[in-house]
Amino acid sequence: MMNFKGVICLSKISSILSVVVGSVLLAFLAVICVTDNTLVWQSRSDDVFIRVQDYDCREVECEDAPIGVMKEYTFTVSETLDSDAHLAFYTVHQYVDVYLNEKHVYSLKPSEGYRISRTVGSNWVMIPLYSEDAGKEARVEITPVYESFRGREVDFLIGSQLSIYVDRLSRDLPQLILGIIAVFVGLVFLGISGYNLLNKRREAGLSALGMFALMMGIWRLTDTRFTPFILSDKPVFLFYVSIAMLMIGTVPLIKSMEARFSEVSHRIFDIYCIVAVLICLAQVLLQIFGIMDVRDNLFVTHIMIAVGAGIIIFNVIFERFRHPESQKKRAGRKLPLICVVGVLADVFAFYIKGTSSGLLFSLTALLIYVVSTGIFMMLRYNDQERKLAEKDRLLAENERQLTESRIATMISQIQPHFIYNSLNSIYYLCAKDTHMAQQAISDFSDYLQRSLHAIDRTSPISFEEELNHVKTYLKLEQMRFGEDVNVVYHIETTGFLVPALSVQPLVENAVKHGICPKDDGGTVTLSARECVECFEIIVTDDGVGFDPEQEIEGKETHIGIKNVRQRLQIMCNATLEIESEPGKGTTSTIRIPKEEDA
C-alpha cells in the first residue's frame with residue numbers, strides 16, 4: 001500500500017503537469033491563431049445590401065406633429081432588386097409614413113386609445129420590395145416625437161432582410177456579450193446573497209452589487225439596435241426598461257459600497273439614495289399623468305448620476321484623510337471609482353454622439369469592478385470563514401472548559417469535611433434545639449441542591465439567586481462557628497447576571513482561609529453596586545490575609561478561584577481581582593460589564 005507521503009507527492013506532480021500542459025496548449029492555440037491563416041480570393045463582390053446615397057430631404061411644418069414639424073425624404077428605388085430585397089432604416093422616437101409612387105405602403109405611429117407615452121420607441125422599419133418597385137419614387141415622412149431628435153439623420157438600406165440582421169448583430173455583438181455577462185454575474189451574486197441570508201450570514205452589500213450588475217446588463221441589452229429585431233412588437237417597452245435601469249441604477253451601486261465606509265458616509269449615501277428614488281418616482285408620475293415624458297427630462301437622470309459619482313469620489317477622499325485605516329480597506333473603497341469613471345464616460349459620450357448604443361465604457365468598467373470586487377470579497381470571505389472556524393473551535397473549547405470548571409467548582413463546594421462538619425453540627429442541634437436543627441437541615445438540603453444543579457447551568461443566573469445560595473452557605477458556617485463568623489451585607493442592586501457558583505467560592509475563601517485561622521474570628525462583608533459601565537461585587541474579610549505574589553497561585557488551585565475567574569471571563573466577559581495584605585485581610589472584586597445597547 002502506498003504511504004501518505006507518496007500520495008501527496010503524486011498529487012503535486014499531477015497538478016504541476018496539468019498546469020504545464022494547459023499552458024502549452026494555450027500557447028499552441030495562440031500561435032495557430034496568429035500564423036495559420038487561410039487565403040481566400042474571389043472576383044465577385046459580396047455587397048448584400050446598399051446604402052441609399054442620393055436622396056432629397058426637407059423639413060415640413062405640420063400642425064398635427066408632436067413638435068410641429070416633420071422631415072420628408074425622397075429617392076428612387078434601385079433599378080435592380082433581388083427577390084428578397086427590403087427597404088430598411090432605423091428610427092428613434094419617430095413616426096413613419098412610406099409612399100411608393102404616392103401609394104401609402106407603410107405607417108408607424110402610436111395606437112389609438114389610452115397611452116402613457118407619446119413615443120413609439122426605437123424601431124427597424126422593414127418594407128418588402130417587389131420587382132415591379134424598381135425605379136419607383138420613394139417618399140418617407142419621418143416625424144420626431146421630441147425636439148432633441150429633430151435633426152437626427154436616417155440611413156436608408158436596400159438589401160436582403162437576413163443581411164441587415166447579420167450586419168447589425170455583428171456591430172452590436174460586443175455590447176450584447178458584455179450585457180449577457182453582466183446579467184449572469186448579477187444573477188450569480190444575487191443567488192449567493194440569497195444563500196447567505198438563508199444561512200444567516202452577512203452578505204455585506206453583495207445583493208446590491210448583484211442588482212447593480214443585473215440592471216446595467218439589462219440596460220445595455222435593451223439599448224442596442226439589434227434588440228428591436230428580437231421584440232419587434234414591444235419597442236416602447238424596451239425603451240422604458242432601458243431608461244428605468246439607468247434612472248435607478250446608481251442606487252444599488254451606492255448601497256453595495258456602504259459596508260466599506262464609516263457611519264458619516266453611510267448617512268450621505270442614504271440621503272442620496274432617498275433623493276434619487278424620490279426623483280425617479282416624480283419622473284414616473286409626470287409620465288403617467290401625461291405632464292412630461294421621461295425622455296424629455298432625461299437630463300435630470302444624468303445630473304443625478306453625476307451627483308452620485310461626485311458623492312462617491314468625495315467619500316473616498318473623505319475616508320482616506322479622515323479615517324485612515326489598513327491598505328486593504330482603502331483599496332476596497334477605491335474600487336467603485338472604476339464604475340464611476342465608466343458610467344460618466346457613457347453619459348458624456350451620449351451627449352457627444354447623440355446615442356448611448358454601442359458605448360461600452362460602463363460595461364467594461366462594470367466587469368473590471370465586479371472581477372476586482374469578487375476577488376476582494378472572496379479574500380474577505382476566506383478570512384471570515386477562517387475566523388468563524390476559529391470562533392467555533394474556541395466556543396467548543398470554552399464549552400469544554402466551562403463543563404470542567406462547573407464540575408470542579410461543584411466538587412470543591414461539596415467536600416467531605418464540610419458535609420461531615422455540617423451533619424455533625426446538626427446532630428448536636430437535634431438534642432439542644434429541634435427548631436434550629438430543622439432549619440439547619442433545610443439550609444443544608446438547599447445548599448446541596450443548589451450546588452448539584454450548578455453543573456447543569458450553561459448560562460448565567462440572576463445575582464439574587466446566587467446571593468441566596470451565599471446566604472445559605474453562611475448560615476451553615478455561622479451554625480458551626482457561632483459568633484466567630486460575622487456577616488455584613490451592602491446590597492444596592494441585584495438586577496444583573498452572574499455564572500452559577502461564582503460568588504460563593506469567594507465567600508468560602510474569606511471564611512476558611514481568612515477568618516477561621518484567626519483566634520477571635522472576623523467579619524465577611526459582601527457588597528453589590530451598580531457603576532457607570534459595570535456591576536461590581538466585592539467580598540471583603542478582615543482575616544489573616546496573604547502575600548499575593550507568593551501564595552495566590554496555590555490558593556487559586558486549592559479553592560477553585562481559577563475556575564471562577566475562567567467562567568466569569570467566558571460567560572460574562574467579567575474580571576476578578578484579588579487584593580490581600582498579610583494581617584489585614586483580603587478583598588475580591590468582580591466587575592461585570594453592562595450589555596451594550598443594540
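This is a predicted model: local features need pLDDT of at least 70, side-chain atom pairs count only at pLDDT 80 or more; totals for chains, interfaces and linings use all residues.
**Close-up 1. Helix α17, checked end to end.** At 1.5 Å a residue, the 12 residues of α17 (561-572) should span 16 Å, and the end C-alpha atoms sit 16 Å apart, which agrees. (The expected span is 1.5 Å times one less than the number of residues; helices are DSSP runs of H or I with at least four residues, strands are E runs of at least two, numbered from the N terminus.) I561, V564, R567, L568, M571 and C572 of α17 are buried, meaning under 20% relative accessible area with a 1.4 Å probe, protein chains only. They cover an arc of only 125° around the axis, which puts them on the same side of α17; the arc is taken from the directions from the helix axis to the C-beta atoms.

Numbering starts from 1 along each chain as its sequence is written, and side-chain values use heavy atoms, with hydrogens and water left out.

**Close-up 2. An open five-stranded sheet.** The strand order is β2-β3-β8-β5-β6, with antiparallel pairing; two strands pair if DSSP finds at least two bridges between them. β2 (56-61) and β6 (103-108) are the edge strands, each pairing on one side only.

**Close-up 3. Strands β3 and β8.** β3 (69-76) and β8 (137-144) pair in the antiparallel sense over six bridges. T76 has E137 in β8 as its bridge partner.

Definitions and conventions. Buried means under 20% relative accessible area, exposed over 50%, partly exposed in between (1.4 Å probe, protein chains only).
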